[in-house]
Amino acid sequence: MAMSAEEEIQAMAQHYLVCGTEDCKRNCQFYCNPCHQRLCKRCRDEHQKSQDTKDHEVVTYKQRKPQLPEEKCNLHPKRNVEILCKECNVPLCAKCIFMKEHAGHQLDDLEEKYAEKVAFCRSEISKIQEHYLSTSQGLKKEIKEDVMEIKKTMDNIRNSIKAEADSLKELVDRVTSDKLEQANKIEETLLKTLNLQKKTYEDYTEYLEKLLKEFHRYKSITNFRVLFSADFDKLKIQSIPETTQPVLPAYTAGQCYKDDVSKLLGSVNFPNIKPDNRRIKPMETASTQLKLTGKQTRRDVEKSDVKPTLSLSSSVTKVREYTVPGVDNVLHISLGKSGRLWASDKSGNLVQTDLQGNMLQKIQTIGKYEGYHTVTQDGDLIYTDRKNKVINRIKQDKTVTEFIRTEDWVPISIHSSHINGDILVGMVKDKEAKVTRYNKTGKEIQNIQRDNKEQELYKYPHYITENINGDICTSDINKPAVVVVNKSGQHRFSYTGQGSLFVPYGICTDLLGHIIVCDSCFGNNSLDIIDQDGQFLSLLLTPQQWIRLIGVCVDDESHLHVGQLYTTTVTVYKYLQ
């Protein structure tokens with residue numbers, strides 16, 4: 001008997017983490033901490049109904065406690081250590097606790113304390129990566145801007161001095177030299193101070209990187225006894241050094257009289273202002289969990305600290321299909337407002353349609369196999385023009401205007417941030433590639449091209465998106481890899497697929513921080529889903545013959561829209577529960 005469409009999709013779904021119950025192959029979503037066993041939803045329910053395990057602590061898989069590594073007791077080699085003497089701070093087996101050395105001592109569960117130490121390592125790593133490093137980089141950038149402002153201010157001062165000196169002719173020339181020298185010394189002093197500040201933060205960054213490696217080493221060390229050593233307890237993150245912002249000098253113009261040449265040229269002075277301390281942003285507090293209601297959308301989640309309790313479903317369900325008119329295939333989809341969307345094909349046709357298949361407008365571009373268009377927070381469409389090296393805007397009244405010129409760089413992919421409205425653009429020039437961030441008015445504010453080892457991050461970033469944590473995710477077909485950097489431009493990880501050949505095309509993220517990418521390898525294409533730290537979770541759709549998955553996006557209802565190379569039909573799937 002032939003299977004239905006939904007049964008076929010469920011049969012195709014495969015998951016990397018499977019339930020630990022014998023003969024159960026469903027997706028692992030939960031974890032029993034006392035049993036250290038992976039559980040699917042059904043097995044979790046049975047686990048909690050059983051008289052033997054109903055009181056066990058069952059949590060989501062990501063919240064699981066680490067299992068204590070098995071280690072034999074030094075005094076009783078046939079027994080494992082499983083207790084911690086709180087006063088002696090040493091691991092014990094069940095027999096050691098009756099020894100006189102530990103009589104009357106307070107005892108703790110060693111596995112619980114081990115879990116606390118591992119959690120502490122993870123917390124400190126997160127603090128360094130998400131706060132201390134990024135904040136220090138921001139302060140270094142601020143110093144660089146201050147250097148430019150000082151140079152600009154001092155240039156203006158020098159121009160004022162020279163303008164007055166020219167009007168005084170030979171009589172003023174002798175005084176002019178003295179005033180210029182004064183200005184140069186002030187600039188030298190200011191720049192020397194800022195260079196010292198810069199060196200301070202470079203030294204601090206180097207210290208943080210060493211500390212980060214140390215915590216990584218402790219986290220993955222097999223001899224957990226080290227975690228209870230005095231050396232480990234001494235590890236603390238030093239505060240970010242405070243520095244002051246420069247107070248810029250001002251020039252006071254003089255009056256031109258022959259008998260008082262020195263006063264004719266103005267003087268360079270510091271205003272009587274106390275310098276402000278550079279602002280060090282406070283560390284963000286952990287967000288509270290709140291169940292996602294039917295009225296909450298992805299944009300609501302991205303603008304708040306609320307984390308929904310949706311999870312990856314054990315099966316993928318087809319919700320509906322719709323046909324895009326006026327195109328040869330569907331290689332990229334940009335969702336707009338009020339159920340409207342934009343779709344493009346390999347021939348440069350860019351079409352706006354509704355979900356009923358009614359064409360609303362159509363324009364001709366030179367876009368092909370790239371994610372070259374996106375809808376802004378205002379509801380306008382912006383798209384790249386490779387030939388003219390510009391980014392155009394189509395307003396809701398259908399007028400087309402030039403928005404951004406990219407100079408020598410060819411823009412190939414684009415994404416409008418749902419978080420702050422910034423524009424992220426993937427670009428190439430000769431054999432180079434980069435990602436540039438513009439604000440919503442089109443001002444360039446960031447360039448990302450190399451990692452901290454000065455290695456090229458990108459080769460051809462032809463699809464781009466942003467995750468809920470601000471990470472920039474690009475699909476780079478020439479790497480080939482999904483390249484992920486944080487909002488400061490620091491490389492976090494690269495995902496290179498599950499097979500021997502990876503051909504990444506369309507990419508999107510969802511409200512849980514999942515990254516979904518089309519692996520369009522011919523004869524082996526699939527939809528891969530990874531978490532925001534690069535861990536592979538599952539294949540949402542497995543390889544199928546004669547199907548080439550290319551374009552993908554997630555709507556506000558957390559449904560997945562998938563476009564293909566050989567058809568104009570977009571299929572919509574439900575994959576979260």
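This is a predicted model: local features need pLDDT of at least 70, side-chain atom pairs count only at pLDDT 80 or more; totals for chains, interfaces and linings use all residues.
Local features are taken at pLDDT of at least 70 and side-chain atom pairs at pLDDT 80 or more, while totals for chains, interfaces and linings use all residues. Numbering starts from 1 along each chain as its sequence is written, and side-chain values rest on heavy atoms, with hydrogens and water left out.

The sheet comes first. Strands here are DSSP runs of E with at least two residues, helices are runs of H or I with at least four, and both are numbered from the N terminus; two strands pair if DSSP finds at least two bridges between them. Lined up as β15-β16-β17-β18, 4 strands make an open sheet with antiparallel pairing. Since β15 (373–375) and β18 (400–405) each have a single partner strand, they stand at the edges, so one side of each has no neighbour in the sheet. Between β15 and β16 (residues 381–385) there are 3 bridges, and Val375 sits opposite Leu381 in β16.

Next come the cores. A nonpolar core is a set of buried Ala, Val, Leu, Ile, Met, Phe, Trp, Tyr and Cys residues joined through side-chain atoms within 4.5 Å, where buried means under 20% relative accessible area with a 1.4 Å probe, protein chains only. The largest one holds 45 residues, and Ile128, Phe224 and Leu227 touch the most other members. Two or more residues come from each of β5 (83–85) and α3 (110–219), with α3 giving the largest share, 27 residues. Leaving aside residues up to four places away in sequence, Leu227 touches (heavy atoms within 4.5 Å) Tyr114, Lys117, Cys121, Tyr218, Phe232 and Asp233. A second, separate core has 37 residues, among them Val484, Cys518, Cys521 and Ile530.

How values were computed: Buried means under 20% relative accessible area, exposed over 50%, partly exposed in between (1.4 Å probe, protein chains only).
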